[in-house]
Amino acid sequence: MPPKRRVIRRRVDTRAPLVAGNGPLARVPPSVAFGLVVVVFGLAVWVRGAAGAALLGVLGVGLLVLLAATWRVLRPADRVLRVIVVLILAAVAVSLLR
């Protein structure tokens, strides 16, 4: 009976960029991007109606662009979670129209 092999897994660096590059978002600090998204989301919920739904639509399109750009390097579980976030954002946008 052959001896069991131990599998040693490397720790993944979560701070490493998913897609290396010199794009326009490479120079934006993550805290600034997060703050901007929170402000736009809050403004959209506060404004309500078609204008609020349009602001959430802009956020949704931005999320879809980022998702498309990083799709190849994401694990399946990460893909599912990101798609769920986009669907929740779309549901909130539709609820603002009512």
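The buried residues of helix 2 are Gly52, Ala53, Leu56, Leu59, Gly60, Leu67 and Thr70, where buried means under 20% relative accessible area, exposed means over 50%, and partly exposed lies in between, with a 1.4 Å probe and protein chains only. Seen down the axis of helix 2, these buried residues fall within an arc of 120°, so they line one face of the helix; the arc is that of the directions from the helix axis to the C-beta atoms. An α-helix has 3.6 residues a turn, so residues three or four places apart point the same way.

On the other side of helix 2, Ala50, Val58, Val61, Val65 and Ala68 are exposed. The buried residues of helix 2 pack against helix 1 and helix 3, the latter covering residues 76-96, and a contact here means heavy atoms within 4.5 Å. Helix 2 itself covers residues 49-70, has 22 residues and reaches 32 Å from its first C-alpha to its last, close to the 32 Å expected at 1.5 Å a residue, the expected span being 1.5 Å times one less than the number of residues.

## The model and its overall plan

This is a predicted model, in which local features need pLDDT of at least 70 and side-chain atom pairs count only at pLDDT 80 or more, while totals for chains, interfaces and linings use all residues. Residues are numbered from 1 along each chain as its sequence is written, and side-chain values use heavy atoms, with hydrogens and water left out.

The secondary structure of the protein comes to three helices and zero strands, and read along the sequence it follows the pattern α-α-α; helices (H or I, at least four residues) and strands (E, at least two) are DSSP runs, numbered from the N terminus. Of the 98 residues of the protein, 14% count as buried. Among the contacts with a separation of 6 or more, 58% are between residues 24 or more positions apart. The protein exposes about 8600 Å², and carbon and sulfur atoms supply 69% of this area, which comes from the Shrake-Rupley method with a 1.4 Å probe, only the protein chains shown counting as cover for residues.

Helix 1 has 18 residues and reaches 26 Å from its first C-alpha to its last, close to the 26 Å expected at 1.5 Å a residue. Just after helix 1, Arg48 takes a positive phi of about 60°, although Arg48 is not a glycine. Arg48 is found in the loop between helix 1 and helix 2, and with a relative accessible area of 49% this residue is partly exposed.

Helix 3 has 21 residues and reaches 31 Å from its first C-alpha to its last, close to the 30 Å expected at 1.5 Å a residue. In helix 3, Asp78, Val86, Leu89, Ala93 and Leu96 are buried. Seen down the axis of helix 3, its buried residues fall within an arc of 80°, so they line one face of the helix, and they pack against helix 1 and helix 2. On the other side of helix 3, Pro76, Leu81, Leu87 and Ile88 are exposed.

Side chains of opposite charge can pair when their charged atoms come close. The structure holds one salt bridge, a term for a side-chain nitrogen of Lys or Arg within 4 Å of a carboxyl oxygen of Asp or Glu. In this salt bridge the side chains of Asp78 and Arg75 meet at 3.2 Å, N to O. Asp78 is buried, with a relative accessible area of 18%, whereas Arg75 counts as exposed at 57% relative accessibility.

## A nonpolar patch on the surface

Leu25, Val28, Val32 and Leu66 form a nonpolar patch on the surface, with about 340 Å² of accessible area together. Patches are made of residues with over 30% relative accessible area and no salt bridge, like charges being joined within 9 Å and nonpolar side chains (Val, Leu, Ile, Met, Phe, Trp, Tyr) within 5 Å. Leu25 lies in the segment before helix 1, which covers residues 30-47, and at 54% relative accessibility Leu25 counts as exposed.
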